[in-house]
Amino acid sequence: MAPSGEPTELSASSISDDILSRMPRASGRYMAAIGFFGAVVAWALFAWGYQIQNGFGNTGLRRPVYWGFYIVNFVFWIGISHAGTLISAILRLTGAGWRKPVTRAAEAITVFCLMIGGLFPLIHIGRVWYFYWMIPYPNERLLWPNFRSPLFWDLTAILTYLTGSLIYLYLPLIPDLAEIAGRSSGKKQRIYRALSLGWTGSDRQWQALERAMKLMAMAILAIAVSVHSVVAYDFSMSIAPTWHSTIFAPYFVVGAIFSGIAALVLVMAALRKLMGLEEYLREEHFVNLGKLLMLMSLLWLYFTFSEHLTTWYGNLPYEMQVFNLREQGFFGIVFWTMVACNFAIPFVLLGVSRLRSIATISISGATVLIGMWLERFLIVVPTLSRPALPAAWGNYAPSWIELSITAGTFAAMALLYLLFVKAFPIIAIWEYDETIPAR
Amino acid sequence: MAEGKRNPEEDGSEHVPQWAMAIDLDRCTGCEACVVACSAENNVPTAGQEQAAMGRAKHWIRIDRYYEGEFPNIKVKYRPVLCQHCDNAPCEPVCPVYATYQNAEGLNVQIYNRCIGTRYCANNCPYTVRFFDWFAPEWDGPLDLQLNPDVSIRPAGVVEKCTFCAHRIKRAKLDADAEDRDLADGDVQPACVQSCPAEAMVFGDMSDSHSKVSKKIESGRSEQLLSELGTKPRVYYLRKAD
C-alpha cells in the first residue's frame with residue numbers, strides 16, 4: 001500500500017489552489033442539478049404533507065404489515081451513515097496514509113444520511129405532531145417516555161451519533177475554513193472567518209485539534225457500532241418470527257458498514273468525474289476500498305448464511321412460515337437478487353484482479369446498495385406478512401406516497417452533497433501540508 | 001373493616017378483581033354476533049368495501065376459521081380472537097411513550113391520547129389484535145346515529161383494540177357503589193359475551209374461585225392461545241380434549 005496519496009508533482013500550496021479552484025461555481029449545469037433534485041425533494045415533502053393532512057391510509061401500509069418502506073429506508077440510510085465516520089475514524093486511528101482524500105467525503109455522507117434516516121421515524125409515526133413525547137422533558141403531568149422501548153434507545157442513539165458525527169465533520173474543516181477566509185473578502189470572508197472559530201494555525205491550536213480529532217474518532221467508533229446495534233434491537237427485541245434473533249446486532253452492523261463503503265465508493269466516483277479530482281481520488285483509493293468492500297461482502301454472506309441456516313434447521317413452524325415466504329415466489333426473486341447484488345456480482349468484479357478497475361468497483365458499490373436495500377426489505381416485510389395466526393396473514397405494496405418519499409430521500413442526499421461541495425472543500429487541504437508541526 | 005365496598009379482603013383492603021374470559025369453542029357456531037355487538041358497542045368505525053379489501057377493516061374481535069380434514073369430509077372450527085389481555089404482554093414494553101400497560105385488574109389498557117402511532121405494539125402482538133387508525137373515524141349512515149357515549153372515539157394515527165369493555169366494568173362498579181353492595185359475579189358483561197346466542201363466552205373475576213369464569217378455567221378443558229410464547233393470556237379457550 002502506498003504510504004501517501006498526494007499527487008507527487010504538486011506542492012502543498014498549489015494543492016490548496018487546485019482543490020479550492022475545483023469547488024463548483026453556480027454554473028447553469030450546477031443550478032440545473034440543484035433545481036432537479038430540489039424539485040424531487042419538494043415533491044416528497046408534498047407527499048409527506050398529503051399523508052399528514054389526509055390520513056396515513058394513503059400509504060400502502062395495512063394490517064398486519066404495519067411497518068413498510070419507511071422502516072426499510074430508515075435502516076438503509078442509518079446503515080449508509082456508517083460509511084463515513086466509521087471508515088474515516090478507523091483510517092485516522094490506524095494512520096492509513098491513503099485516507100487523506102477520502103475522509104471528508106465519508107464524513108459528509110454520515111451527517112447527511114443521518115439527517116435523512118433520522119426523518120423516517122417521524123414520517124413513519126401516526127401522529128408526528130406529538131413526536132416530542134418520545135423525548136424525556138420536564139412536564140407538568142410528570143410523564144416520562146418508556147425507557148424499556150427500543151424505539152427510545154433508537155432516538156437516543158441516533159441523536160448522539162448525529163451530534164458526534166457533526167462535530168467529527170466540523171473539526172477537520174476548521175483549518176480549511178480559515179484557509180478559505182484568508183483567500184476571500186467581504187461577506188464571504190466574514191462568514192468563513194466566523195466558522196473557523198478564530199483559527200490561526202498556531203502550534204497549540206494544531207495540538208488541540210489533533211487531540212480532539214483523535215478523541216472524537218475513538219468515541220465515534222463506539223457510537224457507530226452501538227447505533228446500528230440499537231437499530232437491530234428494534235427488530236430482535238420483538239417476538240415476531242425471524243426477528244427475534246441473537247445475531248441481529250452484529251449482522252446489522254456488518255451490513256451497515258458494507259453498504260456504507262458501497263455508498264462511499266459511488267460518491268467518490270461521482271466526485272472524481274464531476275469535479276475533475278482524478279489526481280486525488282486515484283485508482284489505489286478505489287482498490288483499497290474495493291478490498292474492504294469484498295471483505296464486508298464475505299462477512300455479510302457469512303452472517304446471512306448463519307441466520308438462514310439456523311432458521312431452516314430449527315424448523316420452528318412460525319419461523320418457517322416466514323422463511324418459506326421469503327425464499328419462494330415474489331420474495332424469492334427479491335432474495336436471490338439480493339444475493340447476486342451483495343455477493344455474486346461484487347465477488348466476481350472485485351475478486352478477479354483483471355476485472356478490478358474504478359468502473360467495476362463503482363458498479364459493485366451500486367449493486368451492493370441495491371442489495372442492501374433489498375435485504376432490509378426482506379427483513380421487514382415478510383415477517384410482518386406472516387404473523388403466527390394464519391387468519392391474520394396479509395400483504396403489502398407501497399403507494400405513490402412511500403415511493404415519492406423514498407425517491408425524495410435519494411434526491412435529498414444528492415442535493416445536500418451538491419450544496420456541501422460548493423461551500424466546503426471536499427478534500428481536506430491541510431492534510432497535504434507537511435509543514436504542520438503535529439504531523 | 002372498610003365499609004361494605006367491593007368485596008373487601010380479610011385485611012380490610014379493597015378487593016381488586018382479576019378479569020378474565022373463557023370461550024367455549026365447542027359451543028361457538030361462528031355466527032359473528034359478537035363481532036357485530038363489539039363494533040356497535042365500542043364505536044369501531046366502518047372501513048368501507050375498498051379499504052376493507054385492502055386489510056384496513058377493524059374488528060376488535062374476529063372469528064378465525066380452521067378447516068380440519070380433507071374435502072369432502074371437512075369440519076370447520078371457529079375461534080373468536082380478541083385482545084388476550086396478556087399478563088406478560090409483548091405489546092407493552094416496546095411502546096416508547098407508555099401508551100399501553102397492564103392495570104391492577106389485569107386489563108391491558110391502551111391510552112389513545114398518549115399513543116403516537118409507532119405501531120410497534122401491533123407488530124409485536126402475536127395475535128394481531130391491535131388496529132391502527134388509518135383515517136379519522138367515519139360511519140356509514142345510519143350507524144353514525146348510534147354511537148355509544150361511554151366509549152371515546154379514536155382519532156386518526158393511534159392504535160386501538162379490545163378493552164374487555166372497560167366502560168362496562170366501570171359502569172358495573174358505579175352501580176354497585178350506588179346500591180352499596182359488592183360486585184357480584186355476572187355484573188360485568190362485555191358486549192360480545194352478552195350477545196353470544198350460544199352462550200359460549202363467560203367473563204368474570206378469576207381471583208374469585210366461585211365465579212363462573214374460574215370454574216370454566218379450572219374445568220380441565222381450558223387452554224390458552226399460543227401459550228408456548230409465555231404471554232400468559234387472560235382469555236381461556238375451552239374445548240374437548242382431542
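**The core and its surroundings**

The largest nonpolar core has 183 residues. Those with the most contacts inside this core are Ala105(A), Ile109(A), Ile261(A), Leu264(A) and Val265(A). Helix 10 of chain A, residues 248–275, gives the most to the core: 17 residues. Keep in mind that this is a predicted model.

Now turn to chain B. Its secondary structure comes to six helices and ten strands. The radius of gyration of chain B is 19 Å, close to the 18 Å from the globule rule for 242 residues, so chain B is as compact as a globular protein of that length. Its C-alpha atoms fill a box of roughly 60 × 45 × 35 Å along the principal axes. Of the 242 residues of chain B, 43% count as buried.

The two chains meet. In this contact, 34 residues of chain B face 33 residues of chain A. On the chain B side, helix 2 (49–54), helix 3 (120–124) and strand 6 (131–132) each give two or more residues. Helix 3 of chain B gives the most, with four residues. By type, the chain B side divides into 23 nonpolar, eight polar and three charged residues.

Notes:
Residues numbered from 1 in each chain as written. Chains lettered and ligands numbered in written order. Predicted model: local features only at pLDDT ≥ 70, side-chain atom pairs only at ≥ 80, totals over all residues. Contact = placed C-beta atoms within 7 Å. Nonpolar A, V, L, I, M, F, W, Y, C, P; charged D, E, K, R; others polar. Core = buried A, V, L, I, M, F, W, Y, C linked by C-beta atoms within 7 Å. Buried ≥ 20, exposed ≤ 12 C-beta atoms within 10 Å, placed from the backbone. Rg over C-alpha atoms; globule rule 2.2 N^0.38 Å.
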